[in-house]
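Good morning, and thank you for joining. Please take a moment to look at the sequence and the structure on the screen, and then I shall take you through selected parts of the fold.

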Amino acid sequence: MIVSINIGFFYTFVSMQEKILIIDFGSQYTQLIARRVRELNVFCEIYPYNKIPENLNNIKGVILSGSPFSVRDPLSPNPDLAPFKGKFPLLGICYGAQLLAQKFGGEVISSNHREYGRANLSYVKNDNDLFRGIGNNSQVWMSHADTISNIPDGYEIICSTKDVKYAGYQVKGEKTYGIQFHPEVVHSLEGGILLKNFCVHICACSQSWTPDSFVDTTINSLRDKIGNDKVVLGLSGGVDSSVAAVLLNKAIGKNLYCIFVDNGLLRKNEFDSVLASYKHMGLNIKGVNAKDLFYAELANVSDPEKKRKAIGKKFIDVFDDESKQIEDVKWLAQGTIYPDIIESISVNGGASATIKSHHNVGGLPDFMKLKIVEPLNTLFKDEVRRVGKSLLIDDAILNRHPFPGPGLAIRIIGDITIEKVKILQEVDYIFIENLKTAGLYKDVWQAGAIFLPVQTVGVMGDERTYENVVALRAVSSTDGMTADWCHLPYDFLSKVSNEIINNVKGINRVVYDISSKPPATIEWE
């Protein structure tokens, strides 16, 4: 059977759930807007400006994002806003505010200098609903090269800074607002208050988007959609696939068949430990040793995207073979979450830049014998953990660091060999175990080691060595969309480095990655 991969797959609860619609013009902050709205227990969806949904049922309000484009560019995004303006509460942020100004008779010009960074509001219209509880001198974050020089007739100023007269405005008689700053970033200190004012007070959202409501409605929706069909799920031991498995298990019970594949790219002892961790959860799970198949597929492959594609292809091949052993299986379940989709397909084909392909999204073939079910593809990582807590999943699973689907393949720069995998497994094991022993594991969002394609001179005893280099990576984050490197204690790093060099043959140098995302990514490939 030929099946289209519908990455916009949403369950009944999504279509019925009241929501804020976020229109994406390609800003690096668009996903952060969604995160901040979700933190208010308000559901939201991101759509690219050129694929705005026709069905606006249950829309409570609309937010227009920022953009790397200039509204003065004739080729910049310029969608029809007639379905929204004056009909729904509307908030334009940065580019969105400039678009609302220029499109309806105002003027946007190039700034004398790029306005980027912290600023303070010198004037706030205190009786304006958008600025309820926000006083003068509130710190905000600017990020724009253009500025609004004139607002249309019928627009009124609701805030200003020393340098930006039209830092915020409202259309008289409408719940239409524009702000030149970014309330979604932490540097806008009262940005959360502004977004709550818009979503809760102006849009009248009920704040009913909670983990418990997600669990109840998703289980019911899965039952309705899947019925008595059988589902096969790739279980990895990570948070995403674990939560997806428990949701499906509660919905369809023994009709869920979990498969855990050893692709030869897992962490040390992970295959056995993951299988053991699920024994008490009542899941129907089978372990499959497919190391040799994956190593053969990756032979002499060095390009990061080709690695991901190769692993994704083999992953599906293995599942295809396993599914044939299950009579009448109809569905393939995946633990795909919202950032996987955002980063892989540029927000459903919109203006945002593609960062990388994801093995659950970008690596799937056009022809499949199973339909796809992705119960978590509307959630960010922290939301998945909250749902898992609502499902009473063990903290040991929920607090486990994210681990990339392609595994150690994208932590080995260059081609993959069994020797490199074994070396990296040992290095990774020492790093992670030391984090746990030192009580630092929970303070880190994700950690791992990277095998570098260079060798350096070293001295061990009285002998000269020429061996490999590994990099340690530890980041703090909420959902992986942005991340900062962890300031681990020097004594800790020294201990780990010494232990690695003394115990892992083939390594004579350890470095620590102090790059943040952006501009770097969390993984090196």
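I begin with a definition: a residue is called buried if its relative accessible area is under 20%, exposed if over 50%, and partly exposed in between, with a 1.4 Å probe and protein chains only. What I show is a predicted model, in which local features need pLDDT of at least 70, side-chain atom pairs count only at pLDDT 80 or more, and totals for chains, interfaces and linings use all residues. Residues are numbered from 1 along each chain as its sequence is written, and side-chain values use heavy atoms, with hydrogens and water left out.

Let me start with Leu256. Leu256 has a relative accessibility of 2% and therefore counts as buried. Leu256 belongs to strand 11; strands here are DSSP runs of E with at least two residues, helices are runs of H or I with at least four, and both are numbered from the N terminus. Apart from neighbours within four places in sequence, Leu256 is in contact, meaning heavy atoms within 4.5 Å, with Val231, Leu233, Ala245, Leu248, Asn249 and Asn284.

Two strands pair if DSSP finds at least two bridges between them. Five strands form an open, parallel sheet in the order 12-11-10-13-14. Strand 12 (285-289) and strand 14 (371-373) are the edges, each pairing on one side only. From one strand to the next, the twist averages 30 degrees. Strand 13, residues 329-333, pairs with strand 14 through three bridges in the parallel sense, and Ala333 has Val373 of strand 14 as its bridge partner.

Helix 7, residues 270-277, lies across strands 11 and 12 and runs at about 160 degrees to strand 11. For such angles, axes are lines fitted to C-alpha atoms, for helices over the stretch in contact, and the angles run from 0 to 180 degrees between N-to-C directions.

How do the axes of helix 8 and helix 9 cross, and at roughly what angle? Helix 8 (residues 291-298) and helix 9 (residues 304-324) have axes that come within 9 Å and cross at roughly 145 degrees. The contact involves Leu293, Phe294, Glu297 and Leu298 of helix 8, together with Lys307, Ala310, Ile311, Lys313, Lys314, Phe315 and Val318 of helix 9.

I turn now to strand 9, residues 176-179. Strand 4 (residues 90-93) pairs with strand 9 in the parallel sense over four bridges, with Gly92 partnered by Gly178. Strand 8 (residues 168-171) runs antiparallel to strand 9, and three bridges join them; here Tyr169 has Gly178 as its bridge partner. Strands 8 and 9 form a hairpin with four residues between them, and Gly173 in the turn has a positive phi of about 80 degrees.

Why is helix 3 described as largely enclosed? Helix 3 (residues 95-103) is largely enclosed by the rest of the structure because seven of its nine residues are buried. Gly105, which follows helix 3, has a positive phi near 110 degrees.

Finally, the cysteines. A disulfide is a pair of cysteine sulfur atoms within 2.5 Å, and a search of the whole structure finds zero. Cys258 is buried at 1% relative accessibility, and Cys486 is buried at 7%.
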